[in-house]
Each structure stands twice: as C-alpha cells, then as structure tokens.
Amino acid sequence: MYLQRRNRILRQSAAIRSLVAETILTPSDFILPLFIDEGENVKTEISSMQGYYRNSLDITVREVKELWSMGIKSVLLFIKSKDELKDNTGKEAWNPDGLMQRSIKAIKNAVPEMIVMTDVALDPYSIYGHDGIVKEGEIVNDETVDALVKMSVSHAAAGADVVAPSDMMDGRIGAIREALEESNFTRTGIMAYSAKYASCFYGPFRDALDSAPGFGDKKTYQMNYANRIEAIKETLMDVEEGADIVMVKPAMAYLDIIREVKDAVTVPVSAYHVSGEYAMIKAAAKMGWLDENKAILESLTSIKRAGADLIATYFAKDAVKLLNA
Ligand code: PBG
C-alpha cells in the first residue's frame, strides 16, 4: 500500500515552505498608530502597553523619519488633548492650530511621502470621553456628524492624506465625503472604521489618551460583538457613502468578520490589531509564557490571511525588523 500524496513533502525545509507560502507579510502592509502629546522632548510609556510611548511632536517627527527609512508607509495619528481644551462640543477638534493639525503639518513637512492618516472621533476632546456630543445622557448622532465633518475638513486642510472616522455615527462617511468635495479636497481619502465592535480590547488605548468614557459604555454606537451580518451591512453602507478603505476592529477575535468583509467589498480592507491585543502578547511574553517575536508574526500573518490588505498595529516596527532578520 503506497501513499499517493505526501503533504509533508512541501514542509520539509524552510526553503520549500517559503516557496509555497500563501501569505507573505511586507512592511507596506502596516499602518503604525502614533500617540502624540503636547510639549517638547516628552516621552511617556503607556503603563498598560509596555514598550509603547506617547511622544511630543519633536520626538514623533524623528520617529516618522525612521519609520519611512524602515519601509513603513503609513502612520495613524491620535493626540492627547489637554484637559482644559475638552468640552461637550469637541470644538478643539477642528482648531486649525490644534495639536492634531500641527502634527499633520509637521509630519508631512518632514516626510512628504508618508501617508498620514488621522483619527476622526470626539473622544480625545470630550469631557465625557465619548465619541460624540452628549445630550441628556445620550450620544446624539446628527450633531456629532456635523462636528466630525468640521474635524475631517480641518485635517484635510492641514494636509492629511486619509481621514479615519472611528466614531460609528450613522451617515458620517457620506457627510464627510460631501464636505471634502465641497471644500475641493478631492485627493483626501476616507478609511472608515466600518465594523467597529464595542470591545474590551480598547482598554489600554484609553489609558494612553486618558479617554475612557466618563459614564456608561459605547454600546449604543459601536457594534455588538455577537453580530456578523451587521458588519456586512455597515461596511456596504460605508462603501456606498464613499469610503476608500474599510476597517474591521479589533482583529484577532474578529478574523471571521475580516474574511466576510473582504469577500463582500471591492475596496481595500484594513484590520486594527488593537491596544489590548498588543498588551496581551506583551504581558504573556513578560511572564515568559509566550515567545513575543513568534506571537507577533503569527498574529499579523493570521490577520492578513483572513483577508486584511492593511493592518494597523503597534507591532509594525517590530514586525519589519523581524521580517528583515
Ligand atoms: C476612538 C478610538 C478608539 C480606538 C481607536 N479610536 C477607542 C474607542 O473607541 O474607545 C481603539 C484603538 C486601540 O485600542 O488600539 N474613537
């Protein structure tokens, strides 16, 4: 009795495994999220994201130059707003001299080719830590969309390549697209956080920006993690409204959603490997329970295999170093 097929033939050496590998990570798959602080020469480690820092703009600009030289083509900007600038209108979000707008200009000035993406949501600017305007304990949709439109146009005016609304209000993609057209920002892209779930895995991010909700949770706008078909509905609507790239977030607990979204749309799909996913690997590695480098590559490859064309990940630099090793 002879075997007709021996699957192990294609696994017997590193060389043959790489010849038949179906999924290959490359530096241009990655978007690196950056947390930016006021001040100069300020570098603060995020306690729940060991090895990850919130940096002032001078340090950030140096970092972006290094990222470009490593082959990383995109950064996603988040700022930590001063408490005294927070209110319930979010108006600091479209201040032309705000930290975000200054950051976009400084980064595009230093490394013009770098694709600068910007987070669009009110939470860093909200006294309530919510992504929208609060009235009688509710997050009001349409007034929030008006604010997000002003925020997006101000990012485009500062030179952002792509605005990335992460707020999950209804109708915001169409409204932002229309406003960009009206203002003649015809080269600004929109990366829509389309299937963004109400997830506990954002916890460390909220430490990084001091943006945890002051009351309640985000379940009236972010999606219920029990739902799959709703992710397709949200994504198709965002594409219809003008999104250039759609996103699924978080990533590792949502690989099924990434695959289904990838099969449903004809625009690039990104996935956000979020702060809690970073923290889990870091914490387990620190305990000596996981090999950090192997966990990084296995995680990111699985996200790409699931269908992500782009991956926003705090491990982008580590991954590029590992891929070049
Ligand atoms: C804010 C925003 C969040 C993240 C990206 N944009 C947090 C939230 O929705 O509460 C999470 C990113 C991460 O956890 O890495 N709208």
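**Starting from valine 75**

In which strand is valine 75 found? Valine 75 sits in strand 4, where helices (H or I, at least four residues) and strands (E, at least two) are DSSP runs, numbered from the N terminus. A quick word before going on: this is a predicted model, in which local features need pLDDT of at least 70, side-chain atom pairs count only at pLDDT 80 or more, and totals for chains, interfaces and linings use all residues. Residue numbers start from 1 along each chain as its sequence is written.

Is valine 75 buried or exposed? Valine 75 is buried, with 25 other C-beta atoms within 10 Å. Here a residue is buried if 20 or more other C-beta atoms lie within 10 Å of its own, exposed if 12 or fewer, and partly exposed in between, with C-beta atoms placed from the backbone. Setting aside neighbours within four places in sequence, valine 75 is in contact with Ile31, Leu32, Leu34, Val64, Leu67, Met114, Val116 and Met117; two residues are in contact if their C-beta atoms, placed from the backbone, lie within 7 Å. Then there's threonine 313: 238 residues separate it from valine 75 along the chain, yet their C-alpha atoms are separated by 9.9 Å.

Which strands does it pair with? Two strands pair if DSSP finds at least two bridges between them. Strand 1 runs parallel to strand 4 (residues 74–79) over six bridges, with isoleucine 79 as the bridge partner of isoleucine 36. Strand 3 (residues 49–56) also pairs with strand 1 in the parallel sense, over three bridges, and there arginine 54 is the bridge partner of phenylalanine 35. Strand 12 (residues 310–313) pairs with strand 1 in the parallel sense over two bridges; phenylalanine 30 has isoleucine 311 as its bridge partner.

**Strands 8 and 9**

Strand 8 (residues 162–165) pairs with strand 9 in the parallel sense over two bridges, and valine 162 stands opposite glycine 189.

**How helices 2 and 3 pack**

Two packed helices are described by the angle between their axes and the distance between the axes. Helix 2 (residues 57–70) and helix 3 (residues 99–110) pack at about 35 degrees, with their axes 10 Å apart. The axes are lines fitted to C-alpha atoms, for helices over the stretch in contact, and angles run from 0 to 180 degrees between N-to-C directions.

On the helix 2 side, the contact is made by Leu57, Thr60, Val61, Val64 and Lys65; helix 3 brings Arg102, Ser103, Ala106, Ile107 and Ala110. By class, the contact residues split into six nonpolar, two polar and two charged. Ala, Val, Leu, Ile, Met, Phe, Trp, Tyr, Cys and Pro count as nonpolar, Asp, Glu, Lys and Arg as charged, and the others, Gly among them, as polar.

**Around the ligand**

The residues around the ligand are Asp119, Ala121, Asp123, Asp131, Ser166, Asp167, Tyr202, Phe205, Arg206, Lys218, Val274 and Ser275. To be listed, a residue needs its C-beta atom, placed from the backbone, within 6 Å of the molecule. The shell has six charged, four nonpolar and two polar residues.

Most residues other than glycine have a negative phi, and most peptide bonds are trans. Glutamate 136 has a positive phi, near 50 degrees, and lies in the loop between strand 6 (133–135) and strand 7 (138–140). Glutamate 136 is exposed, with 5 other C-beta atoms within 10 Å. Methionine 168 also has a positive phi, about 70 degrees; its loop runs between strand 8 and helix 5 (172–182). Methionine 168 is buried, with 24 other C-beta atoms within 10 Å.

Finally, a cis peptide bond joins lysine 249 and proline 250, with omega about -10 degrees. Proline 250 is in the loop between strand 10 (245–249) and helix 8 (255–264).
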